[in-house]
Amino acid sequence: MLPAAFDLLLTNAHLATLTETGARYGAIHNGALGIREGQIAWVGTAADRPRGASARETLDCHGAWVTPGLVDCHTHAVYAGNRANEFEQRLHGTTYAEIARAGGGINATVRATRAASEDELIRQSRPRVAALAAEGVTTIEIKSGYGLETASELRQLAVARRLGEDVGVDVRTTLLAAHALPTEFEGHADSYIDYVCRDTIPAAAALRLADAVDAFCETIGFTAAQTQRVFDAARAHGLAVKLHADQLTDSGGAALAASAGALSADHVEHASEQGVAAMGRAGTVAVLLPGAYFALRDTHLPPIAAFRAHRVPMAISTDCNPGTSPTTSLLLMFNMACTLFRLTPEECLAGATVHAARALGLTDRGLLAPGQRADLALWDIAEPAELSYRIGSNPSIGVIRGGRVTRWRP
Ligand SMILES: [Zn+2]
């Protein structure tokens with residue numbers, strides 16, 4: 001048999017494979033990893049390296065840890081303006097309701113986003129996507145939801161795609177037209193949902209601008225019946241679905257997402273035991289968003305024990321958005337998920353790689369295993385728990401994307 005030939009061979013690395021090696025993190029100390037044609041071709045210890053395996057290029061990792069490239073599976077990173085003024089007003093005693101009556105809140109972001117040109121949206125959103133990428137994120141989901149009219153929603157999705165090429169990350173787009181009721185449909189939520197189903201979803205599908213469709217099912221969002229109509233329209237156009245579910249109340253969102261075969265139910269702080277059990281049976285991923293929990297000073301913890309008991313995969317994500325989670329640090333979310341939700345550091349790493357990928361319907365990434373896309377993050381850390389332990393530091397020293405070294409500074 002001919003010796004294996006690699007395009008790129010990583011040596012002198014510790015690997016957090018997240019596969020079943022019997023060790024925590026699926027760790028392989030003193031490992032090596034071979035890449036061929038953009039995919040991982042071989043993973044093992046240096047000692048087990050195939051004898052005589054040739055490599056076109058070798059990267060000495062100097063003892064760095066290598067993990068799958070991070071996946072941020074829930075962001076609203078494309079928008080114009082910000083809401084720092086409202087943050088300040090609230091700390092001076094203005095209530096959220098008063099701010100909303102004065103045209104603030106999500107409506108302020110919708111106005112700014114509708115008014116922004118495509119180039120202006122790129123200019124304002126690029127630093128957010130770049131900041132995520134600088135932390136070893138190689139796949140980012142970006143939702144629309146600040147247009148709330150077809151042309152603006154489509155512009156947000158187009159900007160998200162352009163940003164992916166611009167920054168050099170894989171962007172997955174999600175149409176979230178059912179995010180909030182636009183002011184022009186005030187008191188006519190069903191008519192707005194009609195419009196989304198008849199106009200926005202078909203247009204996004206026809207232009208192939210959306211990889212999935214999401215909705216906000218909540219007392220202050222849309223009802224279960226309205227959400228179901230959005231899901232039906234998405235399905236009719238061949239699009240996967242996801243759901244902002246049970247964030248503020250138990251609205252039956254987890255069970256609704258599970259029964260629709262949704263890729264994920266996100267937030268889920270108030271998900272019921274029945275809803276969690278249904279997610280477990282359906283294989284729906286729970287996407288936990290500790291940044292929003294923190295910013296809203298929420299105290300109702302997501303049912304982590306139930307997710308574990310019902311084997312619901314847990315992902316974690318930034319929820320990067322201007323209102324309730326203005327963060328561009330996925331690693332900070334690792335720390336918050338441990339500190340606030342008591343996830344383990346290993347659950348955090350799996351939650352921002354393999355489970356986050358599954359929350360996007362992607363099975364080709366998220367593990368260090370043969371056949372997976374060679375999207376890798378390299379870290380200057382002594383052990384994987386450091387990724388969760390530190391608060392506000394970035395030990396990312398390298399990124400390999402599709403088998404190509406795109407950043408490396410040992
Ligand atoms: Zn969200």
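Colleague: Which residues does S396 touch, once those up to four places away in sequence are set aside?

Modeller: In this predicted model, S396 touches A134, E135, G136, L378, W379, R407 and R409, not counting residues up to four places away in sequence. S396 itself lies in strand β15, which covers residues 396-401.

Colleague: Why is S396 called buried?

Modeller: Buried means a relative accessible area under 20%, and S396 has a relative accessible area of 1%, so S396 counts as buried.

Colleague: Where is R365, and what makes R365 count as buried or exposed?

Modeller: R365 is placed in the loop between α14 (354-359) and β14 (376-379). Its relative accessibility is 5%, and because the limit for buried is under 20%, R365 counts as buried.

Colleague: What makes the pair of R365 and D364 a polar contact?

Modeller: The two side chains make a polar contact at 2.8 Å, which is to be set against the cut-off for a pair of N or O atoms, within 3.5 Å. Residues adjacent in sequence count only if both atoms are side-chain atoms, and here the contact does run from the side chain of R365 to the side chain of D364.

Colleague: With which other residues is R365 in contact, leaving aside its neighbours within four places in sequence?

Modeller: R365 is in contact with T139, D170, A357, R358, Q372, R373 and D375.

Colleague: Where is A357, and why is A357 called buried?

Modeller: A357 has its place in helix α14. Its relative accessibility is 0%, and as buried means under 20%, A357 therefore counts as buried. A separate value relates A357 to G261: the two are 96 residues apart in sequence and 16 Å apart in space, taken from C-alpha to C-alpha.

Colleague: Where do R311 and R342 lie, and how do you know whether they are buried or exposed?

Modeller: R311 is found in the loop between α11 (304-309) and β13 (314-316), while R342 lies in the loop between α12 (330-341) and α13 (345-351). Exposed means over 50%; R311 has 74% relative accessibility and so counts as exposed, and R342, with a relative accessible area of 60%, is therefore exposed as well.

Colleague: What does the secondary structure of the protein come to, and why is the protein called as compact as a globular protein of its length?

Modeller: The secondary structure comes to 15 helices and 16 strands. The radius of gyration is 21 Å, close to the 22 Å that the globule rule gives for 410 residues, so the protein is as compact as a globular protein of that length. Along the principal axes, the C-alpha atoms fill a box of roughly 70 × 45 × 45 Å.

Technical notes. Residues are numbered from 1 along each chain as its sequence is written. This is a predicted model: local features need pLDDT of at least 70, side-chain atom pairs count only at pLDDT 80 or more; totals for chains, interfaces and linings use all residues. Side-chain values use heavy atoms; hydrogens and water are left out. Helices (H or I, at least four residues) and strands (E, at least two) are DSSP runs, numbered from the N terminus. The radius of gyration is taken over C-alpha atoms; the globule rule is 2.2 Å times the number of residues to the power 0.38. Buried means under 20% relative accessible area, exposed over 50%, partly exposed in between (1.4 Å probe, protein chains only). A polar contact is a pair of N or O atoms within 3.5 Å; within protein, one must be able to donate a hydrogen and the other to accept it, and residues adjacent in sequence count only if both atoms are side-chain atoms. Contact means heavy atoms within 4.5 Å.
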